[in-house]
Amino acid sequence: MAKILVVYASMTGNTEEMAELIAGGIRQSGQEAVLKSVTGCSAFEIASYEGAVVGAYTWGDGELPDEFLDFYEELEETELSGHKTAVFGSGDTGFEIYCGAVDLIEEKLKERGAAIVQPSLKIEYGPTSAEKDECRKFGQRFAELCLAVS
Ligand code: FMN
C-alpha cells in the first residue's frame, strides 16, 4: 500500500475541503492518505511518503499564504529527485494572478527535482458538486500513478 501525504494551507476552508476530497479519492483507490495542515507539517517529511499532494489558496497579488512560507523555505533545502507530487489550490478569477500560489509551488517542486505526475488542480472558491468529483478523481489518479511507477 502506498502512503500519500496531502498537505494544505487554507484560511476560509475552501482548500481544506479540496484536500479532504483528494484524500478521500486516495482512500477510495485503496491507498493510505495522511492529511495535514501546513502549519503542522515540515517539507522534510515528503521524503518518507510514496507521494505528496500539496495545496494552498492564493493570497496578496498571486502570492503564497504567510503560513505556507516556512514549508516553502524548507522545500528549498529538500532534495526531491524522483518523488511523485501534484499541486492543487483554490483562488478567485477576479484577481489578476489566478491561483498563483499553485504555480509557485509547482515551480519550486520541479526545481527540487520532484516529478509533477499530473496537471495541477485549480478551483474557484469552494468546489461545486462537479468539482468535488474532480477533486476525488484527482486523488484517485494520483494514487494510481504513485503505484504505477513505484
Ligand atoms: N485568489 C487568486 O486567485 N489570486 C490572488 O491573487 C488572490 N489574492 C487574494 C487576496 C486576498 C486579500 C484575499 C482575501 C483573497 C485572495 N484570493 C486570491 C482569493 C482566495 O485565494 C480565495 O478566496 C480562496 O478560495 C481562499 O481559499 P481558502 O478558503 O482555502 O482560504
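Q: Before we start, when do two strands count as paired, and what's a strand here?
A: Two strands pair if DSSP finds at least two bridges between them. Strands (E, at least two residues) and helices (H or I, at least four) are DSSP runs, numbered from the N terminus. The model is predicted, so local features need pLDDT of at least 70 and side-chain atom pairs pLDDT 80 or more, while totals for chains, interfaces and linings use all residues. Residues are numbered from 1 along each chain as its sequence is written, and side-chain values use heavy atoms, with hydrogens and water left out.

Q: OK, which residue in β4 is the bridge partner of Val 54?
A: Val 87. β3 and β4 (residues 84–91) run parallel, with five bridges.

Q: How does the chain get from β3 to β4?
A: Through helix α2 (residues 69–76), in a right-handed β-α-β crossover. Right-handed means that, with the strands pointing away from the viewer, the path from the first strand over the helix to the second runs clockwise.

Q: And is β3 buried or exposed?
A: Mostly covered: six of its six residues, 51–56, are buried. Buried means under 20% relative accessible area, exposed over 50%, partly exposed in between (1.4 Å probe, protein chains only).

Q: Is Cys 135 buried or exposed?
A: Buried, with a relative accessible area of 0%. Cys 99 is buried too, at 1%.
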